[in-house]
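Dear colleague,

I am handing over the structure below, and the notes that follow set out what was found in it. Please read them with the model open beside you.

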Amino acid sequence: MSGYTEKVVKNFTNPQNMGEITNPSGVGTVGSKQCGDIMRMFLTVEGDVITDAKFKTFGCGAAVASSSMATQMVIGKTVFEAMELTNMQVVEALEGLPPEKIHCSCLAEEALRAALWDYSQKSGVTIPGLSAPDDPADM
Amino acid sequence: MNGQIYFDNASTTRLCAEALDAMMPHLTECYGNPSSKKYSLGADARSALEKARETVAAALNAEPDEIYFTSGGTESNNWAISGAAQKTPGGAVVVAATEHHAVLKAAAAQKKFGHETVIVPVDGLGFTDTDALRAALEKKAAVVSVMLANNETGTVTRFGPIEQAAHERGVLLHTDAVQAAGHIPIDVKKLNADMLSISAHKFYGPKGVGALYIKRGTDIGPFVFGGSQERGGRAGTENVAGIAGMAEALRTAAAKIPEETERLCALRDRIIGYIKQNIPHAYINGAEGAFRLPGNVNFSMLYVEGDYMLDLFTQSGFCVSSGSACTSGLPGSSHVIDALYAHSPHRGTVKGTARITLGRYNTEREADALLSALPEIVKKLRDNLLYEEFIKSQGK
């Protein structure tokens, strides 16, 4: 009907893990030059396991759905496993996104990595493959 | 589609039964070519065509020989602009900032033939700045084009001062009446435009057919080259079924204007009133009362993402349209909304815009359904990062 799968519609009409975590282990904010969307992700890490993840966005239905799905996918994973999460896995879990909305899933991946980076900076835990995110203020 | 409420009548309308009935014979047994006048099959098509021309003319208070059939509003606009431009070498094409792309891009396309485009600004309600228009006309101009009613905001142009400004300088005047025809009364003799465009599918007629009114004695160049159809101005075998449907649709719509205006304005103003009273940091775009098309509601919410607004309306079962998304310059941003906000304190502020356009087949119950759904849609839209930060900054 709208080019969205049922999974996507479910995740933006009734998003999971929307909100914020006070005193998070890691928080990251990213923005998209392409459409003006902003995504912020919060993580609670105990040991090296992500026990809670929440998000706030400014974006379209696909951006809300991507963040909702990404947070659901990383809860229970170690930070090292979460590092392996790709935007295409988020797209798969959502049973697809329209081509022009794929960049929304990239934003979810970037927000997660920005939050992981913040966690690694605060905790001193090195996560292989992780680098500093772009400053959203530059966008 | 089941469960969908259609509130996008400015995009297109449902074909009315009267138009379909008028079209059917020409899609079935009456298939003659109107140019084959020697036998009755062709002669019948010709007479249907000329009867349609009379009907369209009557609805606009024009003469039948002033009506030229085209493939729609876009073609009519393109013809008017290019046909007028070529008659005044080096003259500018002067258009309002809120024109449809069918005018703006047709104007821009004349640059390669030596016609500069001059864009005249509008005020915060969408009314063309007449002083700026007069100033623009101090230079040599080929044609002025200002729409009769805007497709996004529904603002109805105050046409008198524009007509005076153009004709004082002896410049041809075109008006895109695609959104106005069949919705507000049109009298070409009172308007005194030299050219006027209409499109059938905006007034419950079929898609792919429209007309250009060209006032007697107005000299513009031809648009489509080939046979001698439409007095040599627009060649090609006529879309007889479409034209017959358009004529009947326009006749029906024009007759219904008084009752429909009253009914739709009441529904429109209920929705507008609700938005003004209940949605903080929301703004109605366009003029109000008699200077707004009867079925048009257009509003922007600050710090709301335009696409998400549309996504939520769609998922709640409403077909509406987005005026624009995000801030100026971003994909989906509307030149019409940007022009209205040019001098606003909210210029450049991120906002989502929705256009809700009611029509003949919408009921009061459907408007009620929208008003019941709005609080939940607004709540979801406002649960976002930017709006929170904005509210926090307001508290400081």
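Across the interface of chain B and chain A, nine residue pairs are in polar contact, both residues being at pLDDT 80 or more (a polar contact is a pair of N or O atoms within 3.5 Å; within protein, one must be able to donate a hydrogen and the other to accept it, and residues adjacent in sequence count only if both atoms are side-chain atoms). On the side of chain B that touches chain A, α9 (306–315) and α12 (385–395) each supply at least two residues, and α9(B) gives the most, with six residues. The residues of that side divide into 11 nonpolar, four polar and seven charged, where Ala, Val, Leu, Ile, Met, Phe, Trp, Tyr, Cys and Pro count as nonpolar, Asp, Glu, Lys and Arg as charged, and the others, Gly among them, as polar.

This is a predicted model, in which local features need pLDDT of at least 70 and side-chain atom pairs count only at pLDDT 80 or more, while totals for chains, interfaces and linings use all residues. Residues are numbered from 1 along each chain as its sequence is written, chains are lettered from A and ligands numbered from 1 in the order in which they are written, and side-chain values use heavy atoms, with hydrogens and water left out.

The same interface shows three salt bridges by the rule (a side-chain nitrogen of Lys or Arg within 4 Å of a carboxyl oxygen of Asp or Glu), and a salt bridge joins the side chains of A:Arg40 and B:Glu389 at 3.3 Å, N to O. The contact, meaning heavy atoms within 4.5 Å, takes 22 residues from chain B and 24 residues from chain A. About 1,800 Å² is buried between the two chains, with carbon and sulfur atoms giving 62%; buried area is the accessible area (1.4 Å probe) that two parts lose on being put together, summed over both. In chain B, the residues that lose the most area to chain A are B:Tyr308, B:Gln315 and B:Leu385, together 33% of what that side buries.

Elsewhere in chain B, helix α3 (residues 73–85) has 13 residues, helices being DSSP runs of H or I with at least four residues, and strands runs of E with at least two, numbered from the N terminus. Because 11 of its 13 residues are buried, α3(B) is largely enclosed by the rest of the structure (buried means under 20% relative accessible area, exposed over 50%, partly exposed in between, with a 1.4 Å probe and protein chains only). Among the buried residues are B:Trp79 and B:Ile81.

In chain A, A:Asn23 lies in the loop between α1 (6–13) and β1 (26–31), has a positive phi near 50 degrees, and is exposed, with a relative accessible area of 76%.

With best wishes

Conventions:
The expected span of a helix is 1.5 Å times one less than its number of residues.
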